[in-house]
Amino acid sequence: MEMKEHIRNKFAERFGAPEGEFFASAGRINLIGEHTDYNEGFVFPGAIDKVIMAEIRPNGTDKVRVFSIDIDDYAEFGLREEDAPSQSWARYIFGICREIIKRGGKVQGFDAVFAGNVPLGAGLSSSAALESCFAFALNELFNDGKIDKFELAKIGQSTEHNYCGVNCGIMDQFASVFGKKGHLIRLDCRDLSYEYFPFAPENHTLVLVDSRVKHELKDSPYNKRRESCERVAKSLGVPSLRDVSLAELNAVKVTISDEDYRRAKYVIEERDRVLAVCAALERGDYDEVGRMMYATHEGLSKDYEVSCEELDFLADLAKEIGVTGARIMGGGFGGCTINLVRKDLHDKFIAEATKRFAEKYGHEPKVYDVIISDGARRLEA
Ligand code: ADP
Ligand code: MG
């Protein structure tokens, strides 16, 4: 059954007539720009055609009543800080309510039923989709749409920080709120300015391959990478690697450790690759986009050292099959690769990658086709 019909039926069954209003928001990919956010560089995400959808109706009380179709669970909670629900999925919605209220916005009781098809924990940010769906809806229903879009993204981010224990950046919520069909959004992590670029290839598709491995490492590699970047920036007397050129880095090469040098080199090259990809997209040069994606993978693997055997295997395999571009998407040490695949190679790539990965690692990867689509929005009833 279609997702919307399913939600409509459940809503009627649980809460009766009349119907509520329908809202949706999307998961996201990041085409290029990895480990750049904390170096004041660029990221380049877009919303995808995998969504969280909700039917919502104010209920005239001070209670929220919400049913999750996918988890098959119901939660009921008030709107004061001490009313937090125990279920982790419901805390995302509670957090959105609280963060709107904390900012002086209005939220009253409502009834809601929601479902989604963003795979959970696969690196496509189902949590941001959930947050921005409700943040967008509650803005429309109770605040006449007056909260601006950036604030909606920040409300989602603060929800993760304050109610879900995840200390994330702004990219996921930003992409989910600002996503636009056929466009990627280059976000400048230094000043949060952004620009849309067309991404609507005629002959290519995007395919995510989820290795379904996650290597837990003892020392915190994420913090160590950050420290390397900060050390190099400091030794160059700048606040971040954003404004450092490769020549400037090379000039201090002998005074810093080889490890720090390689970390900084990756970050500087990655900043330039994002810009090169944007320029390539404006020319419709998807082969160049693909070359940059492979270069990012190489940098993440050899210089930044956040890859792992399984992800290197997937990127190498993609190259061997003739895929246009492939790289790790996300922080690394497991998770997905994002692949820019010529349409005529699509089926072959998926069949080969699935088979050969399973032969080597004993389980099949999960594969998702994604199309760059709209982010948070109201749906026609
Ligand atoms: P992701 O990388 O997909 O964002 P997270 O662990 O950050 O993974 O968020 C996943 C959590 O978001 C789930 O455990 C659940 O609490 C909530 N969530 C996401 N999608 C749904 C859904 N369709 N129904 C209910 N809860 C969901
Ligand atoms: Mg998440």
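**Entry 1. E40 and the loop it sits in**

I looked up E40 and found it partly exposed, with a relative accessibility of 26%. The model is predicted, and I read every value here with that in mind. E40 belongs to the loop between β1 and β2. I noted its phi, near 55 degrees, which is a positive value in a residue other than glycine.

**Entry 2**

D72 takes a positive phi near 55 degrees in the hairpin of β4 and β5, where four residues lie between the strands.

I then checked for a cis peptide bond and noted the one from A17 to P18, with omega near -5 degrees. P18 is in the loop between α1 (3–15) and β1.

**Entry 3. The sheet with β2**

Which strands make up the open sheet that contains β2, and in what order? I wrote down β2-β7-β8, three strands with antiparallel pairing. β2 (42–43) and β8 (194–198) are the edge strands; each has a single partner strand, so one side of each has no neighbour in the sheet. β2 is held to β7 (residues 183–188) by two bridges, and these strands run antiparallel. I followed one of the pairs: F42 has D188 in β7 as its bridge partner.

**Entry 4. β4 and its two partners**

I looked at β4 next. Strand β4 (residues 63–68) pairs with strand β5 (residues 73–78) in the antiparallel sense, over six bridges. To strand β6 (residues 110–116), β4 is joined by five bridges, and here the strands run parallel. V64 lets me see both pairings: it stands opposite F77 in β5, and its bridge partner in β6 is F110. As a reminder to myself, strands of a sheet pair through backbone hydrogen bonds, in either the parallel or the antiparallel sense.

**Entry 5. β9**

Is β9 mostly covered or mostly open? I found it mostly covered, with eight of its eleven residues buried. β9 runs antiparallel to β11, to which eight bridges join it; V207 has N339 in β11 as its bridge partner. β9 also pairs with strand β12 (residues 366–370), again in the antiparallel sense, over five bridges. There, the bridge partner of L208 is Y368.

**Entry 6. The largest pocket**

I recorded a volume of about 1,500 Å³ for the largest pocket. Its lining has 50 residues, and those closest to the centre are R28, D172, Y222, G330 and G331. I sorted the lining by class and got 19 nonpolar, 20 polar and eleven charged residues. Several elements each supply at least two lining residues, among them β1 (21–30), α3 (126–142), β9 (204–214) and β11 (334–342).

**Entry 7. The cavity**

I searched the whole structure for cavities of 30 Å³ or more and found one. The largest cavity has a volume of about 30 Å³. Its lining consists of T36, N39, G41, L241, R242, V267 and R271, which I split into two nonpolar, three polar and two charged residues.

**Entry 8. Cysteines**

How many disulfides are there? I counted zero. A pair would need its sulfur atoms within 2.5 Å. The sulfur of C168 has its closest cysteine sulfur in C164, at 8.9 Å, which is too far for a bond. For C278 the closest cysteine sulfur is that of C189, and at 12 Å it is also too far. C278 is buried, at 1% relative accessibility.

**Entry 9. A279**

My last item was A279, which lies in helix α8 (residues 258–283). A279 is partly exposed, with a relative accessible area of 33%.

How values were computed:
Residues numbered from 1 in each chain as written. Chains lettered and ligands numbered in written order. Predicted model: local features only at pLDDT ≥ 70, side-chain atom pairs only at ≥ 80, totals over all residues. Heavy atoms only, no water. Buried < 20%, exposed > 50% of the residue type's maximum accessible area, 1.4 Å probe, protein only. 1 Å grid on protein atoms, 1.4 Å probe; cavity = no way out; pocket = protein on both sides within 12 Å on 5 of 7 lines; lining within 4 Å. Points joined across faces, edges and corners; volume = space filled by probe spheres on them. Nonpolar A, V, L, I, M, F, W, Y, C, P; charged D, E, K, R; others polar. Pairing = 2+ DSSP bridges.
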